[in-house]
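This briefing describes selected local features of one protein model. Please consult the sequence and the structure shown here before reading the points that follow.

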Amino acid sequence: ITKPDGKNQYRKLENFQKRTGKWISSDERQDLVIRHDGLVKQPHRIHIYSKDDQLMATHTKEEKDGSTYIGETQYAQSIAPTVSKLIFEFETEFAKVSSEKFAPKKRSITFSEAMDNYFNSSDFEKISRIKTQNDYRSRTEKFLQWAGNITLEDIDIKLGSDFVEALCKADSKLCEGGASNAIVKKFMTPLKNVFQFALEQGHIKYKPWQDLKIADKGREPEQRLTFSDTHMKELFNLEMPKEDRLALSIMASTGCRLDECALLEWNDIKELVQEGELVQFIDLNRINAILKNRSAQRHLPIIPQVWAMFPERGTILNEAEPERIFTYKRDKDGKAQNKASRRNMKHVRKITQDKRYTIHSLRHKFISLCRGSGMDTELRNYIVGQDIGKKSIGANYGEEHHIKLKLDNMAKIDWSFLTPMN
């Protein structure tokens, strides 16, 4: 079958005969099916000739049942059937591979799912402090609320940088007044723990935010100030419950931390004879085992002015916990710091509204008093539980200083502000 195409060219149709494996002209095939729309069911090719019977091009076409793919290749010269078949197979396979490559991929798990996985893991259970667990949950929840329902694959360094910026802004909705660098680091710790656990579980191929720089991010932290001599006199001249006065006096005369003082029990108050004198002291070994601060386990001398404020040994002040000296309620993690702070900060705010002054300012004042009295630095550090064994090689070897030696050095300090109210 030949016909002019209107361009001084002729088209000649050939059909592939499966029986012989050859291409034959349509006029040699009696069973060629040509519909009125010109489409041919069988594999076929069209040769285009010039009016001088020169071959200009060849189109090879095939229509497969149930497929939308039709291979079509144009050649400048006539090609052998074998090569044509190979080209067609290549095109078919290429289409298949391409469809697999660009097929929609399975979405990774959400950050919310990864977060729940971590909080239900044994890694999270190893965190013994309930307060720390609650802090981790709270900070990851804040990130989730800020970021929305994102997947782990959505968490890139740009998202991390934006989150840090949202934390540090002066008008931050995540942290009032904007986060300090210390607060930024506290947010990063639980988030990176979630990422690490997801990495170990095979949900991600790399840990996000490893190159996120936060060293210089956040506002400068407010420095706590040290109480002046005037502050100390004003504080201890206030009317207050006896147990609050005792707690504040212990902290002011030993430099101990609020959480150490608030958990004191009668069994922690001990006496012994040294150099012919009966001395009293506080044994903090039990308490600092609870507080996970073994490096601060030590014996604190009780100066006579403070010993006079103690009720008679065995006096029950806390009906719910008779062994305890104070009534400050414990939190879920067994600590009483929060309740003790709320009670005693009310007294501090009566003498100053400056937020840089806190209960911890008593610890600062004790260190200043020791320094002013000429006390040896190592001895002072042992009393306050600060950097024991870190300041010098061998500082943690041998026996602790005698209680009597500590008391003799502390006697050089002016404790007149501790005069108890009548």
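Aspartate 376 caps the N-terminal end of helix α14, with a side-chain oxygen 3.1 Å from the backbone nitrogen of glutamate 378. The model is predicted: local features need pLDDT of at least 70, side-chain atom pairs count only at pLDDT 80 or more, and totals for chains, interfaces and linings use all residues. Residues are numbered from 1 along each chain as its sequence is written, and side-chain values use heavy atoms, with hydrogens and water left out. Helices (H or I, at least four residues) and strands (E, at least two) are DSSP runs, numbered from the N terminus.

**Helix α14**

- The buried residues are Leu379, Arg380, Asn381, Tyr382, Ile383 and Val384.
- These buried residues of α14 pack against α8, β9 (299-301), α13 (361-372) and α15 (403-410).
- Just after α14, glycine 385 adopts a positive phi of about 70°.

**Threonine 254**

- Threonine 254 belongs to helix α8 and counts as buried because its relative accessibility is 2%.
- Its side chain reaches the backbone oxygen of isoleucine 250 at 2.6 Å and the backbone nitrogen of cysteine 256 at 3.2 Å.
- Leaving aside neighbours within four places in sequence, threonine 254 is in contact (heavy atoms within 4.5 Å) with Leu300, Pro301, Phe366, Ile383 and Val384.

**Helices α8 and α12**

- The axes (lines fitted to C-alpha atoms over the stretch in contact) of α8 (residues 242-254) and α12 (residues 337-351) come within 11 Å and cross at roughly 85°, on a scale from 0 to 180 degrees between N-to-C directions.
- Helix α8 is therefore roughly perpendicular to α12 (65 to 115 degrees).
- Glu243, Asp244 and Leu248 of α8 meet Arg343, Asn344 and His347 of α12 in this contact.

**The sheet of β7, β8 and β9**

- Three strands form an open sheet in the order β7-β8-β9, with antiparallel pairing (at least two DSSP bridges between two strands).
- Strands β7 (269-274) and β9 are the edge strands, each pairing on one side only.
- On average, neighbouring strands of this sheet are turned by 40° against each other, direction ignored.
- Strand β8 (residues 277-283) is joined to β9 by three bridges, and the bridge partner of phenylalanine 281 in β9 is proline 301.

How values were computed. Angles under 35 degrees count as roughly parallel, over 145 as roughly antiparallel, 65 to 115 as roughly perpendicular and the rest as oblique. Buried means under 20% relative accessible area, exposed over 50%, partly exposed in between (1.4 Å probe, protein chains only). A polar contact is a pair of N or O atoms within 3.5 Å; within protein, one must be able to donate a hydrogen and the other to accept it, and residues adjacent in sequence count only if both atoms are side-chain atoms.
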